[in-house]
Amino acid sequence: MLSQKYIKKLAVEAGFDLCGVAPCRRQTDGENYFRHWLDSGYSGGLAYLSRNTDVRFDPSRLVADARTVVVCAISYRNDISAGYPDGCRTKIASYACTADYHDTIRRMLRGMLATMRNEYPDLQGRAFVDSAPLLEKQFAIDAGLGWRGRQSLLVTPQYGTFVLLGELVLDKECDQYDSPMEGAGCGECRRCVESCPVGAILQERAVDASRCISCATVEANVRKTDGEEYVEKNLHGWIFGCDECQSCCPYNRNALPRRSALMEPLFDPRSIDAGEWLEMSDEEFSERFGTTPLARSGPEAIKRNLK
């Protein structure tokens, strides 16, 4: 049987700010929520969200005999997270100013898993970051890390929403599991809803991806691929991602500073004006931003978002 105390010790040593441990279960509530969201047409044409739906709600489909989900979170809050001056045309979400978190968190989780196997030689499991079909926010809620905010993001009382998640799905039970948080929440606050410049935040703590600026600037439907046509939108100065619904959140304004140097920004978007972006060669873009999430978009999409 796994030791919860040992798992959380490894998470701290790996550099995570938060760690919770939840029992594996089929996410019935999450499934109903997700399917309703899909059926309502809020996916914004993101076809991958409709794939692997049977796997998405049951971790045992990802890891045989899965018993435990370890949810880890790391804060990435930085100066850019507080927002940009009015009229800025080159805004980039603050998470994208760091090294690509998929690679960073995956290494951290795999290091934890390797160390755990020294203690539990027959342990089987896998590490997941958000590209996998796993309802990570719901498991984070199960593991007591926070709650679903009005803008659909996980809100943690210590670090607000400026956290990135990763999970270990393991085939052994734990000696103790965390419980969902009680007594915390958004209350009557609606700042995130009111701050969204395109009205993408819905009443049911969900986001309409067809309106969302972050989806429009990052996901596949903004790029002309596989016959898809780019649709011109008012991006309100955002060229990659969007932090509007986060910068205004009281929990973010009062959040603890990040601890990990792994989340140190690699560049400051405020020092790069529109002209510099438009004149940038593919080679320079790759050299400066090739290890960041911006590589997912590429220079042409960034330049198109500026127009």
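Helix α4 (residues 101-119) lies across β2, β4 and β7 and runs at about 35° to β7. Here helices (H or I, at least four residues) and strands (E, at least two) are DSSP runs, numbered from the N terminus. Axes are lines fitted to C-alpha atoms, for helices over the stretch in contact, with angles from 0 to 180 degrees between N-to-C directions. The model is a predicted one, where local features need pLDDT of at least 70 and side-chain atom pairs count only at pLDDT 80 or more, while totals for chains, interfaces and linings use all residues. Residues are numbered from 1 along each chain as its sequence is written, and side-chain values use heavy atoms, with hydrogens and water left out.

So what does α4 sit on? An open sheet of four strands, in the order β1-β2-β7-β4, with antiparallel pairing (two strands pair if DSSP finds at least two bridges between them). β1 (18-23) and β4 (125-128) stand at the edges with a single partner strand each, so one side of each has no neighbour in the sheet. Neighbouring strands are turned by 20° against each other on average, direction ignored. β4 is joined to β7 (residues 163-170) by four bridges, and Gly 125 stands opposite Leu 170 in β7.

Back on α4, its 19 residues reach 27 Å from first C-alpha to last, close to the 27 Å expected at 1.5 Å a residue (1.5 Å times one less than the number of residues). Its buried residues (under 20% relative accessible area, 1.4 Å probe, protein chains only) include Tyr 101, Ile 105, Met 108 and Met 112. The buried residues of α4 pack against α1, β2, β4 and β7, contact meaning heavy atoms within 4.5 Å.

Note on methods: Buried < 20%, exposed > 50% of the residue type's maximum accessible area, 1.4 Å probe, protein only.
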